[in-house]
Amino acid sequence: MEKKERPLSPHLGIYKPQLTSVTSILHRITGVGLAFGTGIFIWFLIALGWSENCFDCFHYFITSFAGRLVIFFWMLGMAYHLVNGIRHLIWDMGYGFKIEDANKSAIVVFIISIIVAVSSVCVAY
Amino acid sequence: MSDKKHKSIISPLKAARGMGADKSGFHHWWMQRVTAIALIPLTIWFMFCAVGAIANASYDRALEWLSSPLHAVLMILYVIATLYHAALGLKVVIEDYVHKESLKIASIFFVNFACFAGAVASIYAVLLVSLKG
């Protein structure tokens with residue numbers, strides 16, 4: 001098919017970032033990150049089921065500085081995706097669509113997800 | 001539909017089926033919500049209970065933790081809900097950003113395969129741990 005040069009609507013990049021657009025793209029970024037994060041607990045489970053040697057290798061990584069950093073950002077992403085996911089489910093029920101409400105809930109999501117992430121890391125160690 | 005425009009023996013509904021929106025979109029949307037709701041309590045359990053075992057426990061402590069029937073069952077549920085939810089979500093992301101049809105189909109195939117394989121391997125591992133304990 002012949003490709004015609006049609007006018008395009010402005011790309012997202014030209015808009016000033018807003019709370020609503022930032023929370024939206026963060027939901028997607030954390031979602032993709034968490035999909036890769038599943039590799040950590042799959043590795044944990046397989047190592048634990050396989051042998052002690054195999055688990056020691058996992059344990060060596062996860063208790064290293066890099067491993068602890070991974071755990072921290074993993075929990076941060078998980079907390080955000082969890083709390084913002086609940087915000088999405090509330091939207092699905094038809095509530096909170098006014099712009100000022102969406103902006104307020106965005107702030108609430110940031111605060112709660114940081115609290116949840118930090119407390120889960122504190123509980124873990 | 002007795003007007004002249006509709007000459008075919010095929011009814012308009014039959015002609016429309018399988019075209020446009022009459023596919024699996026609703027099921028995808030619905031299952032994403034179903035798994036999301038299941039994942040609310042499961043993720044809270046994971047963040048406040050499982051991560052301690054993953055991040056910090058020795059071999060013996062981790063074995064002991066996962067041999068508990070409660071944690072083993074919750075782990076299997078978490079694995080299934082998470083990987084199903086991830087496969088659904090990644091499909092949307094791929095559809096949004098990968099425009100070459102062959103690459104798009106290959107990527108979605110790979111994601112579904114990886115998520116399914118990850119779930120099967122994880123469940124098998126949980127069962128191995130239960131049998132060891």
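In this predicted model, chain A and chain B bury about 3,200 Å² between them, and 78% of that area lies on carbon and sulfur atoms. A:Arg28, A:Leu45 and A:Leu48 supply 19% of the area that chain A buries against chain B, more than any other three residues. The points below take up the interface, the pocket and the helix in turn.

**Interface**
- The contact between the chains involves 39 residues of chain A and 43 residues of chain B.

**Largest pocket**
- The volume of the largest pocket is about 1,100 Å³.
- Its lining has 41 residues, of which A:His27, A:Arg28, A:Gly31, A:His81 and B:Gln32 are the closest to the pocket centre.
- H1 and H3 of chain A, along with H2 and H4 (69-97) of chain B, each supply at least two lining residues.
- H1(A) gives the largest share of the lining, with twelve residues.
- By type, the lining residues are 23 nonpolar, 14 polar and four charged.

**Helix H4 of chain A**
- H4(A) covers residues 99-124; at 1.5 Å a residue, its 26 residues should span 38 Å, and its end C-alpha atoms are 37 Å apart, which agrees.
- Buried residues in H4(A) are A:Ala102, A:Ala106, A:Val109, A:Ser113, A:Val116, A:Ala117, A:Ser120, A:Val121 and A:Ala124.
- An α-helix has 3.6 residues a turn, so residues three or four places apart point the same way.
- The buried residues of H4(A) pack against H1 (19-50) and H3 (65-92) of chain A and against H2 (25-56) of chain B.

Key
Residues are numbered from 1 along each chain as its sequence is written. Chains are lettered from A and ligands numbered from 1 in the order in which they are written. This is a predicted model: local features need pLDDT of at least 70, side-chain atom pairs count only at pLDDT 80 or more; totals for chains, interfaces and linings use all residues. Side-chain values use heavy atoms; hydrogens and water are left out. Helices (H or I, at least four residues) and strands (E, at least two) are DSSP runs, numbered from the N terminus. The expected span of a helix is 1.5 Å times one less than its number of residues. Buried means under 20% relative accessible area, exposed over 50%, partly exposed in between (1.4 Å probe, protein chains only). Contact means heavy atoms within 4.5 Å. On a 1 Å grid over the protein atoms alone, a cavity is a set of points where a 1.4 Å probe fits but cannot get out, and a pocket is an open set with protein on both sides within 12 Å along at least five of seven lines; lining residues have an atom within 4 Å of a point. Grid points are joined across faces, edges and corners, and a volume is the space filled by probe spheres set on the points. Ala, Val, Leu, Ile, Met, Phe, Trp, Tyr, Cys and Pro count as nonpolar, Asp, Glu, Lys and Arg as charged, and the others, Gly among them, as polar. Buried area is the accessible area (1.4 Å probe) that two parts lose on being put together, summed over both.
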